[in-house]
Amino acid sequence: MELRVLKYFLAVAREENITKAAALLHLTQPTLSRQLMQLEEELGVQLFHRSRYRVILTEDGMLLRRRAQEIVDLAEKTAREFQRQEGELTGEIAIGSGDLQGMSYLAEQLAAFHREHPQVRYQLYSGHSDNIKERLEQGLLDFGLLLEPVDIGKYRFLSLPGVEEWGVLISEDSPLAAKASLTPEDLAGKPLLLAGRELVQQQFERWMGPLAGEVDAVVRGNLPYNMAMMARQGVGAFLTIRLNCAYEGLRFIPFSPPLETGTMLVWKKDQIFSPAAEQFLRQLKESVQRDREQEK
């Protein structure tokens, strides 16, 4: 498979129309159709269901779209990493993160690094822990910012300063909204909106202690904004961490006793970094060390 042909395939999958895709690729429609048929012959599968006006991916086509996108992304990332300018550090650093307070610290470090190396570019990927780990394994990310607990068997890591404070976002109309903090007794039997990550749920259940059996998870999801909108409508209290943002009609209330976790910047143990990523990690380690010494 040629990279060029995979890009053709992705364009057709995106447009669902060979004529439109051919125009975007500056190809004739017969040329593009021939390339797609040759790709199907090479793989021995049918990639599209074809009609007069539209093409739809088959199951094999959907699998190839995922793999092709990974291949194209990795090829483009590799090309950017090898960009050079005389006397300047260049290239790209790719980082994945969820919605974490630790991103504020990391953004501060990235800003300082960018002032020193203005030719470096950055790719930020937002997702949950499993998405980030998958892209780390695929080589699409240099680093991942993950919420503890983390299975660090596959990774090297750097713990960042500060902690993530857990609590709930709850509608201002809720009787619980008047409280300064919430205990397990306050939440037992109450409707809750929980993130899909199993380790987070286990951590919350340990905090609930003997009342863990009374956790009433009415909604499970992974997008904070969507969960916040459900909480605003009074569906339940959204278990989340404190962030530097506010949602109209919602109030963040921390837990008592406090539930806090740290964040880690992780990377593969066998990772071979680009010069830009290697330099950033070196400077980040130095900054973290200085900050920890100042805290003592």
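Which residues in α1 meet which residues in α2? From α1 they are Y8, A11, V12 and E15, and from α2 they are I18, K20, A21, L24 and L25. By class, that contact holds seven nonpolar residues, two charged ones and no polar ones. Before I go on, please keep in mind that this is a predicted model.

Now the geometry of that pair. Two packed helices are described by the angle between their axes and the distance between the axes. Helix α1 covers residues 3–15 and helix α2 covers residues 18–25; their axes are 8 Å apart, at an angle of about 130 degrees. The two helices are therefore oblique to each other. Their crossing is right-handed.

Between α1 and α2 there is a loop, and E16 is found in it. The phi of E16 is near 55 degrees, which is a positive value in a residue other than glycine. Most residues other than glycine have a negative phi, and most peptide bonds are trans.

Next, α2 and α3. Their axes cross at roughly 105 degrees and come within 9 Å. An angle from 65 to 115 degrees counts as roughly perpendicular, so α2 and α3 are roughly perpendicular to each other. On the α2 side, I18, T19, A21, A22 and L25 take part, and they meet Q29, L32, S33 and L36 in α3. This contact divides into six nonpolar residues, three polar and no charged.

The loop between α2 and α3 holds H26. H26 also has a positive phi, near 60 degrees, and is a residue other than glycine. Is H26 buried or exposed? Its relative accessibility is 73%, so H26 counts as exposed.

In soluble globular proteins, nonpolar side chains tend to be buried together. Here the largest nonpolar core has 44 residues, and those with the most contacts inside it are I93, F143, L187, F204, F255 and F280. Helix α10, residues 275–295, gives the most to this core, with six residues.

What does L187 touch? Leaving aside residues up to four places away in sequence, L187 touches V168, L176, L182, L192, F204, W207, M208 and F255. Of these, F204 and F255 are also among the residues with the most contacts inside the core. There is also a second, separate core, of 21 residues, which includes V5, A13, L39 and A68.

S171 is found in strand β7, residues 164–171. With 6% relative accessibility, S171 counts as buried. Not counting residues up to four places away in sequence, S171 touches A177, A231, R232, G249 and L250.

G209 sits in the loop between α8 and β9. G209 is partly exposed, with a relative accessible area of 31%. Where is P184 relative to G209? The two are 25 residues apart in sequence, and 7.8 Å apart in space from C-alpha to C-alpha.

Last, the peptide bond from S256 to P257. This bond is cis, with omega near 5 degrees. P257 lies in the loop between β11, residues 250–254, and β12, residues 260–261.

Notes: Residues are numbered from 1 along each chain as its sequence is written. This is a predicted model: local features need pLDDT of at least 70, side-chain atom pairs count only at pLDDT 80 or more; totals for chains, interfaces and linings use all residues. Side-chain values use heavy atoms; hydrogens and water are left out. Axes are lines fitted to C-alpha atoms, for helices over the stretch in contact, and angles run from 0 to 180 degrees between N-to-C directions. Helices (H or I, at least four residues) and strands (E, at least two) are DSSP runs, numbered from the N terminus. Angles under 35 degrees count as roughly parallel, over 145 as roughly antiparallel, 65 to 115 as roughly perpendicular and the rest as oblique. A crossing is left-handed if the near helix is turned anticlockwise from the far one by less than a right angle, and right-handed if clockwise. Contact means heavy atoms within 4.5 Å. Ala, Val, Leu, Ile, Met, Phe, Trp, Tyr, Cys and Pro count as nonpolar, Asp, Glu, Lys and Arg as charged, and the others, Gly among them, as polar. A nonpolar core is a set of buried Ala, Val, Leu, Ile, Met, Phe, Trp, Tyr and Cys residues joined through side-chain atoms within 4.5 Å. Buried means under 20% relative accessible area, exposed over 50%, partly exposed in between (1.4 Å probe, protein chains only).
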